[in-house]
Amino acid sequence: MKTNDIIFQTVTKIVVFIIIIYSLHLFFSGHYTPGGGFIGGLMTASALVLLLLAFDIKTVVNTLQVDYLKLTATGLLIAVLTGIGSFFFNVPFLTHTFSYVQLPLLGKTSLATAVLFDLGVYLVVIGVTMTIIQTIGETE
């Protein structure tokens, strides 16, 4: 029988939000400082694991309703297509480029094709990690 962990569940709701915001910060800052898709994906997966600890697996699966295998496949497709996209410009595989654009609220901002690759890595890491964790959790 599971105990009523109301304090743990309430704190988890707040902490998960903070972890996901920080993981997005790591994801977007990874081009100029340490971080990127891999560590951002691990941080997001750790937030989801915290949800699994605070609530039971059925509650989290029913609430999020994410197919992590499809998420992994989507991330892998994005990462591979980003690399293949370089062939259209007659440059080596995974060659990235960037440009500066003027955005209404942000001003002059650099946009890099590496962000697309990192997005693929981010999704793959979340998908694989959560598939492994849920598989282990369902067998117990």
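Good morning, colleagues. Because the model is predicted, local features are taken only at pLDDT of at least 70 and side-chain atom pairs only at pLDDT 80 or more, whereas totals for chains, interfaces and linings use all residues. Residues are numbered from 1 along each chain as its sequence is written, and side-chain values use heavy atoms, with hydrogens and water left out.

I begin with the overall architecture. The protein chain contains five helices and two strands, where helices (H or I, at least four residues) and strands (E, at least two) are DSSP runs numbered from the N terminus. Their order from the N terminus is α-α-α-α-β-β-α.

The C-alpha trace spans about 60 × 35 × 25 Å along its principal axes. The chain exposes about 9,400 Å², of which carbon and sulfur atoms supply 73%, by the Shrake-Rupley method with a 1.4 Å probe, and for residues only the protein chains shown count as cover. Of the 140 residues, 29% count as buried; buried means under 20% relative accessible area, exposed over 50%, and partly exposed in between (1.4 Å probe, protein chains only).

I turn next to the core. A nonpolar core is a set of buried Ala, Val, Leu, Ile, Met, Phe, Trp, Tyr and Cys residues joined through side-chain atoms within 4.5 Å. The largest one has 17 residues, and L48, L51, I126 and M130 touch the most other members. Helices α1 (6–29), α2 (37–54) and α5 (114–139) each supply at least two of its residues, and α2 gives the largest share, seven residues. Beyond its neighbours within four places in sequence, L48 is in contact with L64, Y68, I126 and M130.

What does T82 touch, residues up to four places away in sequence not counted? Its partners are H96, T113, L116 and F117. T82 lies in helix α4 (residues 68–85) and counts as buried because its relative accessibility is 14%.

The two strands come next. Strand β1 (residues 98–103) and strand β2 (residues 107–112) pair in the antiparallel sense over six bridges; pairing requires that DSSP find at least two bridges between the strands. Together β1 and β2 form a hairpin with three residues between them. The bridge partner of F98 in β2 is A112.

Finally, the aromatic residues. Rings of Phe, Tyr and Trp (its six-membered ring) pair if their centres lie within 6.5 Å; planes under 30 degrees apart count as stacked, over 60 as edge-to-face and the rest as tilted. The whole structure holds four such pairs. In one of them, the ring centres of F27 and Y122 are 5.2 Å apart with planes at 55°, so this pair is tilted. It links distant parts of the chain, with F27 in helix α1 and Y122 in helix α5, 95 residues apart. F27 is buried at 5% relative accessibility, and Y122 is buried at 10%. The rings of F98 and Y100, with centres 5.7 Å apart and planes at 90°, are edge-to-face. F98 counts as exposed, at 54% relative accessibility. F27, F28 and Y122 form one aromatic cluster.

Thank you for your attention.

Technical notes: Contact means heavy atoms within 4.5 Å.
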